[in-house]
2 protein chains.
Amino acid sequence: MVSQRGLEVLRAIVQDYVSSREPVGSKAIVDRHQFGVSAATIRNDMALLEEEELIVAPHTSSGRVPTDKGYRLFVDHLAEVKHISTAQKQAIDHFLDESVDFDELLGRTVRLLSQLTNQVAIVQYPTLGATRVRHIELVSLGNLRALCIVITDNGRVEQRLLDLETDLTEADLSELRSTINAQVAGKLLTELAESVVSLSTSVSPHLSSATSHIASALSDSIQANRQQKLVMAGTANLVRTEEDFHGSIYPVLDAIEEQVILLKLLTEMKADAHEVAVSIGREHSNSGLEQTSLLATGYTSAGESATLGLLGPTRMDYSNNIASIRAVARYLTRVLDAQ
Amino acid sequence: MVSQRGLEVLRAIVQDYVSSREPVGSKAIVDRHQFGVSAATIRNDMALLEEEELIVAPHTSSGRVPTDKGYRLFVDHLAEVKHISTAQKQAIDHFLDESVDFDELLGRTVRLLSQLTNQVAIVQYPTLGATRVRHIELVSLGNLRALCIVITDNGRVEQRLLDLETDLTEADLSELRSTINAQVAGKLLTELAESVVSLSTSVSPHLSSATSHIASALSDSIQANRQQKLVMAGTANLVRTEEDFHGSIYPVLDAIEEQVILLKLLTEMKADAHEVAVSIGREHSNSGLEQTSLLATGYTSAGESATLGLLGPTRMDYSNNIASIRAVARYLTRVLDAQ
DNA sequence: ATTAGCACTCAGAATGGTCGAGTGCCAGCG
DNA sequence: CGCTGGCACTCGACCATTCTGAGTGCTAAT
């Protein structure tokens, strides 16, 4: 059984390994920490930790490195909760305050988080479930194409290209526009498509097909919004920590470009709004991400919730990263969910 | 003076070096190309090329590598113009046809171009100079904040967050909305702010301050649009070609995150719509990009022109990349500038 | 003008030896 | 029984050395 001191040794190993990038040996531990016992004793503890598969030695006779299981224990029981510095707090305020719209705010958020942590930051767009329609605008682009723009009550703007069978005149457009808007204002997004379909009888006959086109585009758009959109930043940071990846980082880069994988992982983690969920290495199996850890937490925007994530090597500074992602998520919620 | 055959030798060196990544020697050239002369002769030619600073030997007694000047000569006079394969053509059609809105189209474009070339692709948003306002929408977000959304004739959607002094009621918003729309519809974007300012006297007195807020936000927004927006994709490709960068790629990664630098370079290159401009290595001085080349060409969207770019190591496949960027730009123009 | 031949250079791979950090184990000690 | 000092052992990292071969420049002959 691993003793209390054994756990302290594990903590020391994780901390030292994270900061030095080198396998840590018994001597290094007695030097850098005040355990008040000799190196030999630490060695005995380490032998136990190794038996429990919390640490491993990369090769006979070199220091130990934490395993995924070791990191897990560290994260769950040993990591002390840091608070972010006031300087960082100011950076957050300053950086995000300048945002001029929703898209830019999320963009700034990921860049900020990736700078704060030197990892890859990810933000998922909120769903549009319970939001209501404010206005629908139609713009003809000529050449059988038009643009349909939906503005919601909470300031989201969604646009969708339409392929039409016949071009619409300005008069047609304004008829459609006013008919549709009269009908849909205040409706839930989920009811929107249905609601527009029902209009195809109440417009001028030659517009009926256009109306159903619009309806299907809208339902598409809502659908597409379900399988949500991700924004990322800081891929370059992965390269900076390249040495942390045994073998190559290409699988990791590939997995990142395949946003689907990340999306799946993030949603599986089911991060609730106030806790930071952590998934370490092999815990999220076979996807090229075996050597990375993923943090996730929730934020809410006008009542809709979504996820903020952070990706980096398993050998990351969990305490710091958890503190950062939590702080950013809170700030984001405060800005977006303002009542 | 460099002979005709000398130029052929240069072409051979560039081609072989690009495909093999290794300095190319006289023997390799006689083996892989049919010059009908001996290695010694090639050596003499190479000595001349070296005198002209078109190639260099990384160290005494190893093959030669093209210099920036060598690449320049190659690009200007030796590169044969490739045509992209029909498979590639189909990929372009297929990939871009699915776009549902302007933002997504540009996003897909960069991803496509970076996949086609294995380089970093960059697209600059078109300016909004000569476009006209279709509709302005106002959405209150509560908490003294509101959103102002501008929809243009050609389907661009710009949004801007407003900080107000007092919250607006629904009635206030309607009044503002209809007053403003009545006034601005059809106006040029450049006239927009001015036009809204003039309204501050014709609305209810308590809305006059809000009106000027909106005006200044709009003028900000137009302003911000001048110093244009870039979208990039394929940063990971840089990492894959890391060996091509003597020293480290961090300066390059940094320069990329500093979008300003790229923006400056791209605009300086003044790519006209039908030619692909090329800037090689040191030609664009001191910015961490000394070991990269930049391709740029123009595309037009509803009459507004903007730039499509491609960034990679100087040791890149110019023929192929030039063909790809040109094809993508043409396709983009065809889709966006449809009359 | 081209070529064959030759001496020369030099980066990179291969080899081998040393060093030292780190280990496991054991016997002794409080 | 837990801790410690000591000791033999292992093995990667580092260094110096050698070896090899690709590639060069030069020269004399065709």
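## Basis of the description

Residues are numbered from 1 along each chain as its sequence is written, while chains are lettered from A and ligands numbered from 1 in the order in which they are written. In this predicted model, local features need pLDDT of at least 70 and side-chain atom pairs count only at pLDDT 80 or more, whereas totals for chains, interfaces and linings use all residues.

## Surfaces near the DNA

DNA strand C is surrounded by 21 residues, of which Gly25(A), Val37(B), Thr41(B), Thr60(B) and Ser61(B) are the closest. A residue counts as near a strand if its C-beta atom, placed from the backbone, lies within 6 Å of it. At least two residues each come from α2 (26-32) and α3 (39-51) of chain A and from α3 (39-51) of chain B; α3(A) gives the most, with four. Helices (H or I, at least four residues) and strands (E, at least two) are DSSP runs, numbered from the N terminus.

Around DNA strand D there are 22 residues, and Val37(A), Thr41(A), Thr60(A), Ser61(A) and Gly25(B) come nearest. Here α3(B) gives the most, with five residues. By class, this surface has seven nonpolar, eleven polar and four charged residues. Ala, Val, Leu, Ile, Met, Phe, Trp, Tyr, Cys and Pro count as nonpolar, Asp, Glu, Lys and Arg as charged, and the others, Gly among them, as polar.

## Contact between the chains

In chain B, 28 residues are in contact (C-beta atoms, placed from the backbone, within 7 Å) with 28 residues of chain A. On the side of chain B that touches chain A, β4(B) gives the most, with six residues. That side comprises twelve nonpolar, nine polar and seven charged residues.

## Nonpolar cores

A nonpolar core is a set of buried Ala, Val, Leu, Ile, Met, Phe, Trp, Tyr and Cys residues joined through C-beta atoms within 7 Å. Buried means that 20 or more other C-beta atoms, placed from the backbone, lie within 10 Å of the residue's own. The largest core has 119 residues, and Ile325(A), Leu10(B) and Ile325(B) have the most contacts inside it. Apart from it lies another core of 58 residues, including Val184(A) and Ile214(B).

## Helix α4 of chain B

Gly70(B), Tyr71(B), Leu73(B) and Phe74(B) are buried in helix α4 (residues 68-78) of chain B. They lie on the same side of α4(B) because they cover an arc of only 160° around the axis, taken from the directions from the helix axis to the C-beta atoms. Among the elements covering these buried residues are α1 (4-20) and α13 (318-336) of chain B.

Technical notes:
A residue is buried if 20 or more other C-beta atoms lie within 10 Å of its own, exposed if 12 or fewer, and partly exposed in between; C-beta atoms are placed from the backbone. Two residues are in contact if their C-beta atoms, placed from the backbone, lie within 7 Å.
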